[in-house]
Amino acid sequence: MTLRVENLGYRTPGGLRLLDGVSLAVAEGETVGVVGPNGSGKTTLLRCVYGALTPAEGRVLLDGADLAGVGAKARSRHIATVPQDGQAGFDLTVRQVVAMGRSPHKRFWEGDTKRDDELVRAALGRVGASALADRSFTALSGGERQRALVARALVQQSTVLVLDEPTNHLDIRYQLEILALVGGLGTANLLALHDLNLAAYYCDRLYVLQGGRQVASGTPKEVLTSELLAEVYGVTADVAVHPATGAPTVTYLPHPGAHPGAHPGDGRKVSTM
């Protein structure tokens with residue numbers, strides 16, 4: 001199953017353009033990352049892909065079929081979503097939230113089956129959340145909630161996964177485990193990521209957005225250069241190939257004259273007293 005986005009554009013109801021002519025493709029078994037600074041259009045792009053927003057121009061295609069006009073339930077049978085900071089909407093247990101991933105495959109008011117229960121249990125185990133099954137979803141920490149939402153996407157058994165900052169709030173261990181899990185599913189995976197080092201290691205290809213436009217695409221080695229980081233992010237960085245992983249590794253450098261104890265951009269000034 002191949003996901004393709006062609007010349008996608010989006011405007012807010014007030015006419016503000018948030019996406020302008022973005023195109024990308026994700027093949028079955030491939031993990032593709034969308035990166036860029038805050039406000040570059042990453043979340044807007046993903047929301048157009050999974051149908052939460054209707055693009056003003058362009059098309060979203062699944063195996064060549066245009067998804068325009070396809071209902072939410074039908075689209076969800078093919079595309080599973082892990083949104084940023086998702087909410088359940090009701091005070092449900094984690095098990096109930098994860099089981100909601102089976103709804104695209106059910107008729108109205110159809111109850112859960114033994115097979116559904118098995119899928120929920122297996123998904124919770126895969127994301128390290130079995131112990132959370134009977135807890136209230138609203139009482140979870142951000143990281144626990146994120147793992148539950150990934151489990152919900154797994155039980156949906158869709159051929160395309162769209163994940164908006166799937167490592168948000170997660171401890172380092174779970175960041176690595178979740179991205180490795182997603183990459184091993186064999187699905188077509190489209191991820192928005194802030195962490196460029198995670199993107200470099202776990203993504204087959206990257207698309208870079210800036211101001212709603214696509215400014216670069218290619219493998220992580222092709223895309224993540226000091227020049228691009230300076231142009232798009234406005235930072236000075238050293239990019240080297242890590243000897244253990246073979247992936248590019250980004251090290252951010254302080255601006256010249258920055259105080260050694262201050263983080264770049266944190267607004268602290270060196271006293272001259």
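Trainee: Before we start, what does "buried" mean here?
Mentor: A residue is buried when its relative accessible area is under 20%, and exposed when that area is over 50%. Keep in mind that this is a predicted model.

Trainee: Okay, then why does Gln175 count as buried?
Mentor: Its relative accessible area is 16%, so Gln175 falls under the 20% cut-off.

Trainee: Where does Gln175 sit, and what does it touch?
Mentor: Gln175 is part of helix H6, which covers residues 172-183. Leaving out residues up to four places away in sequence, Gln175 touches Thr167, Leu170 and Leu198.

Trainee: Moving on to Ala200. Buried or exposed?
Mentor: Ala200 counts as buried, at 5% relative accessibility. This residue lies in helix H7.

Trainee: And which residues is Ala200 in contact with?
Mentor: Setting aside neighbours within four places in sequence, the contacts of Ala200 are Pro220, Leu224, Ala247 and Pro248.

Trainee: How far is Ala200 from Gly246?
Mentor: In sequence, Ala200 and Gly246 are 46 residues apart. In space, their C-alpha atoms are 9.7 Å apart.

Trainee: Let's do helix H9. Which of its residues are buried?
Mentor: In H9, residues 226-233, the buried ones are Leu228, Leu229 and Val232. Looking down the helix axis, these buried residues fall within an arc of 100°, so they line one face of H9.

Trainee: What about the other side of H9?
Mentor: There you find Glu227 and Glu231, which are exposed.

Trainee: So what covers the buried residues of H9?
Mentor: The cover includes helices H7 (196-202) and H8 (220-223). It also includes strands E9 (205-210), E10 (213-218), E11 (236-241) and E12 (248-253).

Trainee: What happens just after H9?
Mentor: Gly234 comes there, with a positive phi of about 70°.

Trainee: Now the nonpolar cores. Which residues of the largest one touch the most other members?
Mentor: Those are Val94, Val98, Leu124, Val127, Leu206 and Val208, out of the 51 residues in that core. Helix H5 (residues 142-155) supplies the largest share of this core, 7 residues. The core also draws at least three residues from each of domain 1 (1-78 + 158-224) and domain 2 (91-156).

Trainee: Can we zoom in on Val98? What does it touch?
Mentor: Not counting residues up to four places away in sequence, Val98 touches Val120, Leu124, Ala148, Ala151, Arg152 and Val155.

Trainee: And how many residues are in the second core?
Mentor: That separate core has 26 residues, including Leu3, Leu19, Val32 and Leu209. As a general point, nonpolar side chains tend to be buried together in soluble globular proteins.

Trainee: Switching to cysteines: how many disulfides are there?
Mentor: The count comes to 0 disulfides. Cys48 is buried, with a relative accessible area of 2%, and Cys203 counts as buried at 6%.

Trainee: Last topic, the open sheet of 4 strands. What is the strand order?
Mentor: The order is E2-E1-E4-E5, and the pairing is antiparallel. Strand E2 (17-26) and strand E5 (65-66) stand at the edges with a single partner strand each, so one side of each has no neighbour in the sheet.

Trainee: How many bridges join E1 to E2?
Mentor: There are 6 bridges between strand E1 (residues 3-11) and E2, and these two strands run antiparallel. Within that pairing, Val5 stands opposite Leu24 in E2.

Methods. Residues numbered from 1 in each chain as written. Predicted model: local features only at pLDDT ≥ 70, side-chain atom pairs only at ≥ 80, totals over all residues. Heavy atoms only, no water. Buried < 20%, exposed > 50% of the residue type's maximum accessible area, 1.4 Å probe, protein only. Arc of directions from axis to C-beta. Contact = heavy atoms within 4.5 Å. Disulfide = S-S within 2.5 Å. Core = buried A, V, L, I, M, F, W, Y, C linked by side-chain atoms within 4.5 Å. Domains from an automatic or database assignment. Pairing = 2+ DSSP bridges.
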